[in-house]
Amino acid sequence: MNIGQSLANGATGRALLHLEAGNYPAALHALREATADGVSIAEGASLFHGAPAIAFVLATTDHPQLANARAITAQATATIARHRLKAAHRRIDRGEQPHYAEYDLIRGLTGFGVVLRRLGNHDTLRLILHYLVRLTEPLHELPGWWCHHGPHNDQPPLDGGHANLGMAHGIPGPLALLSLTLREGITVAGQTAAIGRICSWLDTWQQHLNGTTWWPQTLTRTELHHGKPAQQGPLRPSWCYGTPGIARAQQLAALALDDPERGRRSETAFASCVTDPAQTEQLVDRSLCHGTAGLAATARRITADARAPIPLPVVEQLHQNAPRATDEPHGLLEGTTGVELVGLSTTTAWDTCLLLA
């Protein structure tokens, strides 16, 4: 796999940073590096790799020198998405449970929806929304997004599978995309009901401890049977897994459904996690994915839409004081590229790749 094509940790991510910063020559150099060995349209192509990743970055600029590349990668993204959609619908028709890579933000069809929304390809985007509606429908008395495998690729398969509640790999990602598009008038039949099903599930598994609101990262069949997660309390308040990402998805749903009470609860959950030292002390790096940069990016979006005050300065100070490792990688999700994007003075649409806007 050509790492340069990776939006997560390759030259593609650096190209996005340079375009957002207005440094076109540096962006062009990074894009040449990213595409030196071609652009992948293989099975592993996604929002964070290959043609869709390049298409997402190129949508940042209307420079005529990149017009042909924009058109080619946009078409490739739509073609791959339609191919993946056919496979996903066949899987549902067979009554089989998914792998989260089918639908998630990082590798799946939700991520394709992010790119297509950015490209303005609403026809193919609506096909993805239709699939996501089907994904929320119960399958064998389980949620349609219940995965047949365990939550960790480096561990043995989990008997009975699991449900994933992280923004990166779980159902909050589809919730955010369904909600964002509903607000924009990009709709399909059953979209509002699908949002409601996901919200009801998240409401069921919402937990409370010492004045904070939190959700488990994953759920097993055993936990589902007992109606209680094994996780004893909130873990780190990260974008990828944890209260911040879930709270933003819930807030977007509240805005889409015009549900101020849900919005209030989501904002309260977020505020309670960023003012809880027991949670914030678990953040040990500055990254977007699971560190303070991701928390800051999420806080800015939640604050902009909040009906009540959110302690944004607390989060900004936390990020500024985060330790800077000497061996910090250069990627977007887990390195300095993401940190620098958060540090830009302008707020643009780059964080749509995190489904924050």
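Is the crossing of α11 and α12 left-handed or right-handed? The crossing is left-handed. A left-handed crossing has the near helix turned anticlockwise from the far one by less than a right angle; clockwise makes it right-handed.

## Basis

This is a predicted model, in which local features need pLDDT of at least 70, side-chain atom pairs count only at pLDDT 80 or more, and totals for chains, interfaces and linings use all residues. Residues are numbered from 1 along each chain as its sequence is written, and side-chain values use heavy atoms, with hydrogens and water left out.

## Helices α11 and α12

Helix α11 covers residues 243-257 and helix α12 covers residues 260-274. Helices are DSSP runs (H or I, at least four residues), numbered from the N terminus. The two axes come within 8 Å and cross at roughly 160°. Axes are lines fitted to C-alpha atoms, for helices over the stretch in contact; angles run from 0 to 180 degrees between N-to-C directions. The pair is therefore roughly antiparallel. The classes are: under 35 degrees roughly parallel, over 145 roughly antiparallel, 65 to 115 roughly perpendicular, the rest oblique.

On the α11 side, the contact uses Thr243, Pro244, Ala247, Gln250, Gln251 and Ala254. Facing them in α12 are Arg262, Gly263, Ser266, Glu267, Ala269, Phe270 and Cys273. The contact of α11 with α12 has six nonpolar, five polar and two charged residues. Contact means heavy atoms within 4.5 Å. Ala, Val, Leu, Ile, Met, Phe, Trp, Tyr, Cys and Pro count as nonpolar, Asp, Glu, Lys and Arg as charged, and the others, Gly among them, as polar.

## Helix α8 and its partners

Helix α7 (residues 122-135) packs on helix α8 (residues 172-183) at about 130°, with the axes 11 Å apart. The two are therefore oblique. Their crossing is left-handed. Leu125, Ile128, Leu129 and Leu132 of α7 touch Pro174, Leu177, Leu178 and Thr181 of α8. This contact has seven nonpolar residues, one polar and no charged.

α8 also packs with helix α9 (residues 191-204), at about 140° and with axes 10 Å apart. That angle makes α8 oblique to α9. The α8 side consists of Leu175, Leu178, Ser179, Thr181 and Leu182. The α9 side consists of Gln191, Thr192, Ala194, Ile195, Ile198, Cys199 and Leu202. By class, there are eight nonpolar, four polar and no charged residues. This crossing is left-handed too.

The largest pocket has a volume of about 460 Å³. Of its 22 lining residues, Ala8, Asn9, Ile106, Leu333 and Glu334 are closest to the centre. The lining has eleven nonpolar, eight polar and three charged residues. On a 1 Å grid over the protein atoms alone, a pocket is an open set of points with protein on both sides within 12 Å along at least five of seven lines; a cavity is a set where a 1.4 Å probe fits but cannot get out; lining residues have an atom within 4 Å of a point. Points are joined across faces, edges and corners, and a volume is the space filled by probe spheres set on them.

The second largest pocket has about 250 Å³. Eleven residues line this pocket, and Tyr100, Pro151, His152, His169 and Tyr241 lie nearest its centre. Its lining has four nonpolar, six polar and one charged residues.

## Cavities

The count is three cavities of 30 Å³ or more. The second largest cavity holds about 60 Å³. Among its lining residues are Trp214, Trp215, Arg236, Tyr241, Thr243 and Gln279. By class, this lining divides into six nonpolar, five polar and one charged.

## Leu312

Leu312 sits in helix α15 (residues 312-320). Beyond neighbours within four places in sequence, Leu312 contacts Ala299, Arg300 and Thr303. The C-alpha atoms of Leu312 and Ala271 are 9.0 Å apart, at a spacing of 41 residues along the chain.
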